Amino acid sequence: MAEAGARPHADVRIAGDGFLLRAWRQEDLEALLRHADDPQVPRGLSDRFPHPYTRADGEAFLAGRVVDFGHPVFAIEIEGEACGGIAARPHAGERAHSAELGYWLGRQHWGRGHMTRVVAAYLGWVVPALQLVRVEANVLDTHPASARVLEKNGFAEEGCRRAAIRKPDGLHDVRLFGRVWPG
């Protein structure tokens, strides 16, 4: 884990078609709360992303107490405000050539192709930056839009972990997607 408060990717800015990927900032708190505190947003995410999403949750996230900002954890900025996030969590040891991808976007921006373009731009930067050969992502069975984003970015569905996650509405399968780059 990086030194507390260390943000080695703080100066990275990845401009794309209608969005900017950049480090999270303290001044993103109000926008983060507005977009994250929507019951539809966390439905396909891990329980590290709570609902309701409180001010304390946002403050803890921006302080680096929820995710490791030593990893490339970026805000997705659209129309001048942070409205989502994308990150790769590198694996260690014999799996150090790979990372797990995760992302979310505020509902007002759904259905416009933003995440497909965001994932493409992020992968174009993170794969060489971290010298990755493999990137994988987990998708909840009730979130087919996320699976489509991955498929449009060259990921293949590699399997399904049945009844792997318990959400308030019951047990759900988790679909595993992966993409490999030539080493």
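**From a charged ring contact to the core**

In this predicted model, the charged end of R7 sits over the ring of F69, 3.8 Å from its centre. F69 also belongs to a cluster: ring pairs link it with W24 and F61. Across the whole structure, a search finds seven aromatic pairs.

One of these pairs joins F74 and Y122. The geometry is edge-to-face, with 5.8 Å centre to centre and 80° between the planes. The pair links distant parts of the chain. F74 lies in strand β3 and Y122 in helix α3, 48 residues apart. Both F74 and Y122 are buried. Y122 has a relative accessible area of 0%, so it is buried. W125 counts as partly exposed because its relative accessibility is 22%, and the limit for buried is under 20%.

Now the core. In soluble globular proteins, nonpolar side chains tend to be buried together. The largest nonpolar core here has 31 residues. L21, I86 and L101 have the most contacts inside it. Strands β2 (19–23), β3 (73–78), β4 (81–90), β5 (98–105) and β6 (134–140) each supply at least two of its residues, as do helices α3 (114–129) and α4 (144–152). The largest share, seven residues, comes from α3.

L21 shows how these parts meet. Leaving aside neighbours within four places in sequence, L21 is in contact with V12, R13, I14, F74, A75, I76, I86, V118 and Y122. A second, separate core has 18 residues, including L29, F49, A82 and A87.

A23 is also in strand β2. Its relative accessibility is 13%, so A23 counts as buried. Beyond its neighbours within four places in sequence, A23 is in contact with H9, A10, V12, D28, V73, F74 and A75. A23 and P8 are 15 residues apart in sequence, and their C-alpha atoms are 9.7 Å apart in space.

Which residues of α4 are buried? They are S146, A147, V149 and L150. Seen down the axis of α4, the buried residues fall within an arc of 155°, so they line one face of the helix. What covers them includes β5, α3, β6 and β8 (170–180). After α4 comes G154, with a positive phi near 85°.

Some backbone geometry remains. Most residues other than glycine have a negative phi, and most peptide bonds are trans. A cis peptide bond joins H51 and P52, with omega about -5°. P52 is found in the loop between α1 (29–36) and α2 (55–62). E79 is not a glycine, yet has a positive phi of about 55°. E79 is found in the loop between β3 and β4, and its relative accessible area of 66% makes it exposed. A163 is not a glycine either, and its phi is positive, about 50°. A163 is in strand β7 (residues 156–167). With a relative accessible area of 43%, A163 is partly exposed.

Note on methods:
Residues numbered from 1 in each chain as written. Predicted model: local features only at pLDDT ≥ 70, side-chain atom pairs only at ≥ 80, totals over all residues. Heavy atoms only, no water. Core = buried A, V, L, I, M, F, W, Y, C linked by side-chain atoms within 4.5 Å. Buried < 20%, exposed > 50% of the residue type's maximum accessible area, 1.4 Å probe, protein only. Helix = DSSP H or I, 4+ residues; strand = E, 2+ residues; numbered from the N terminus. Contact = heavy atoms within 4.5 Å. Arc of directions from axis to C-beta. Phe/Tyr/Trp six-rings, centres within 6.5 Å; stacked < 30°, edge-to-face > 60°. Lys NZ or Arg CZ within 6 Å of the ring centre and 35° of its normal.
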